[in-house]
Amino acid sequence: MGPGNHHDFPFHIMDVAGILRLNIRRRIPGQAYADCPICGDRRGKLNLNLAKDAWRCNYCGAGGGMLALYARVYGISNSDAYREICDALAVDGFATETFREDGPPVGDLPQAASASPQEVHQTYSMLLSMLNLLPVHRKHLREVRGLTDQQIDAFQFRSTPPTALCRIYAERLRRAGCKVEGVPGFYLNDYGKWTIRFYSRTSGIIIPIVGVDGLIRGIQTRLDHPLRDKDDPPDREGIKYLTLSSAGKPGGVSSGSPIHFVGDPCARVVYVTEGPLKADIAHALTGRSFAAVLGAGNLAGLDGLFAFLGRSGTKEIIEAADMDKYRNAMVDAGSSRVAELARKYGLECRRLTWNPNCKGIDDWLLSLREKTEQGRGKPRMTWKEAYLHGQLAFADLRSETEQWRSTHGDDSGLGAALGLTEEEYKALVRGDGGLKAFLDRQRRRQRFRIYQLALERGQVVPFAFTGLEGLRKAGFAQPPPSYYRLVHEGELICPNDQSEQAILERIFTRYNDDLPADYGGHSLSPSDVVELCRAEGSRYFYRDKAGFAPVRFSPPQGETPAEAEVN
C-alpha cells in the first residue's frame, strides 16, 4: 500500500482507472491526469492522486475516493463498487471470466428462446450506455473512417469491455430490469452466472446493428486484430468483423442475420451494401438511406425489409456490394439475389459500380472527399508547364499576362511567373510568333488505348481489379487478351522529356473519377491494360496496385493499334 493511504482496500486508484479504461494523458510523481468519465471532457482535467487514492476533475469539480469514482461512472453504491472492482481484479475470492474454447459440443448445450425485439433493444441500449469508446478507437473512426465526433456519438460506437467485467455488466443489466436470457451474446458461465461473450482476442469497436424500426437488433465488432487460423496462408486477411452471438453456450442464442438500416425508411431510393459500419459511413458522407447485410450470403432479412420499403414509398434499390463481386462468385450471386428480391416486391434494382481502386462504397466516397481537399492545396502549374502538358492553349497567354499586369502594375517578374526561360521571355517580348514555335518543339502528342475486362452481370474473373500478384495467382503469366475489350482511344500532349511512367500516371489520374463524356469504361484500375502508341511500336502496361508494369499483350482480335502522331 502506498504512503498516505488510509484504507485497507486490496487495490489502488490506478487499478480502478484501468478497469474504467480511462485515457491517461500524462503522469507526474504521485499523480496522473486523465479524461473525465463524469463530464466527458477529453482534455486530461481529471486528477488522480496516487498517494491518497482520490480524484478530482478540474473542469466539472466532481471528486472523491476511488470507490466513488467507479460508483459515479456506473450509478451504483460504494459497496457495490467495491464488490465489482474486486470481481474484475480477481481479488478477495471473486472469480473472473476467462476465454475458453473447450467444452461440450453445441448440440449438448441447452439454448434459450430468443427474446423479443423490444427486449433485445432495451438490453443492448442499456449495455451501450455503460460502455465507453477508447481514444484509439475514436481516432480510427475519425482519422481513417472520416467520421466526426458528433457522428461517432450518434451511431453509439463503443469499445468492447474487458472480459473480467462481462459478468458484472450482465448482473447490472439484470438488476436494472433488462432481460439477458435470449439476447444474443449472453450466456451462463461455468458457475451458473450470466455473462457476455466478449474476449480479449475479440476486442475492438462495437457497431450497433439497428433495424428499419430503429430498434437495436444485434451487435457487430470490428476486431482490433483479425482472427486467423494457424493453417491460413500468409496472404489471408482473416476475420475482421464478428457478430455477437452466444450460440453453443449454455443458455445462449444465435444472432441470426439482422439487417442494419440507416437513413429515411421512406426514401425513394435505398442502397444495399455489406456491413453496418460501411453503411453508417456511407450515410454520413451522403445523407442517403442504406441497408446492410452481415455477409454476401446473409440475405434472409432482406425479404421482410423490401416488403416494408415497398409499402413505405421506396421505388428503387441500388445494389452496392463491394467491387470484389466481379471476381468472387459468392458475392456476385448475393448481389444477383438482391435484385431478385427487389423485383419480387415491385422495386426497381440496379447495380452500382464505382472506381474499382476502392473496394467498398465507403472507401470510394472517402477518396472523393480526400481528392477534393487535396486539390485545394495542390500547387498551380505555371503557364508554360500547363501549355507543355496541353492543359492551356497558347491564346491563354494573353489573359495570364494581363492578370499579372493588373496585379503588379508592370512586367517585372512576369517571365518567371509564366515559367519562361530568359530566351523564351525575350521571344514573348518580340511578339513575332517565335515563342509558340519554340515551345511547340518541346512537346509532343501521345496516343494511347485503354483495355478493360469484359465483365457482364453473372460473369466473374478471378483477377478482376487485382494487381500482378492476383493475375499470377489466377494462373496467368500475362494478361489474356481474350478477356479484354477496348474501351477508349485517346491522345494527350506531353513534354518531350516526360517519362513513360509519368505519362501513364497522367492517364490514370485523368480516367479515375471525373470521367470524360466520351469515355466508355470504368475508372482506370488494377487489371486494366494501357497501350502507349509510338511510330516504332506500341508498348503495353498492366495497372498494378500501385503504378504500372510492362507486359506482353496483343490487342483483342479485330483491333489494331493506331499509329502515333508526332507534332
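Predicted model: local features only at pLDDT ≥ 70, side-chain atom pairs only at ≥ 80, totals over all residues.
Which residue lies over the face of Y387? Residues are numbered from 1 along each chain as its sequence is written, and side-chain values use heavy atoms, leaving out hydrogens and water.

View 1. Helix α18 covers residues 500-510 (helices are DSSP runs of H or I with at least four residues, strands runs of E with at least two, numbered from the N terminus). Here I503, L504, R506, I507 and F508 are buried (under 20% relative accessible area; exposed is over 50%, partly exposed in between, with a 1.4 Å probe and protein chains only). These buried residues pack against β17, β18, β19, β20 and β21 (contact means heavy atoms within 4.5 Å).

**View 2. F508 meets F548.** This aromatic pair is edge-to-face, 6.4 Å centre to centre with 80° between the planes (rings of Phe, Tyr and Trp, its six-membered ring, pair with centres within 6.5 Å; planes under 30 degrees apart are stacked, over 60 edge-to-face, the rest tilted). F508 lies in helix α18 and F548 in strand β21, so the pair ties together parts 40 residues apart in sequence. Both F508 and F548 are buried.

**View 3. A ring cluster.** Look for Y451, Y484, Y540 and F553, linked into a cluster by ring pairs.

**View 4. Charges over rings.** R443 lies over the face of Y387, 4.0 Å from the ring centre (NZ of Lys or CZ of Arg must be within 6 Å of the ring centre and within 35 degrees of the ring normal). The charged end of R351 sits over the ring of Y326, at 5.2 Å from its centre.
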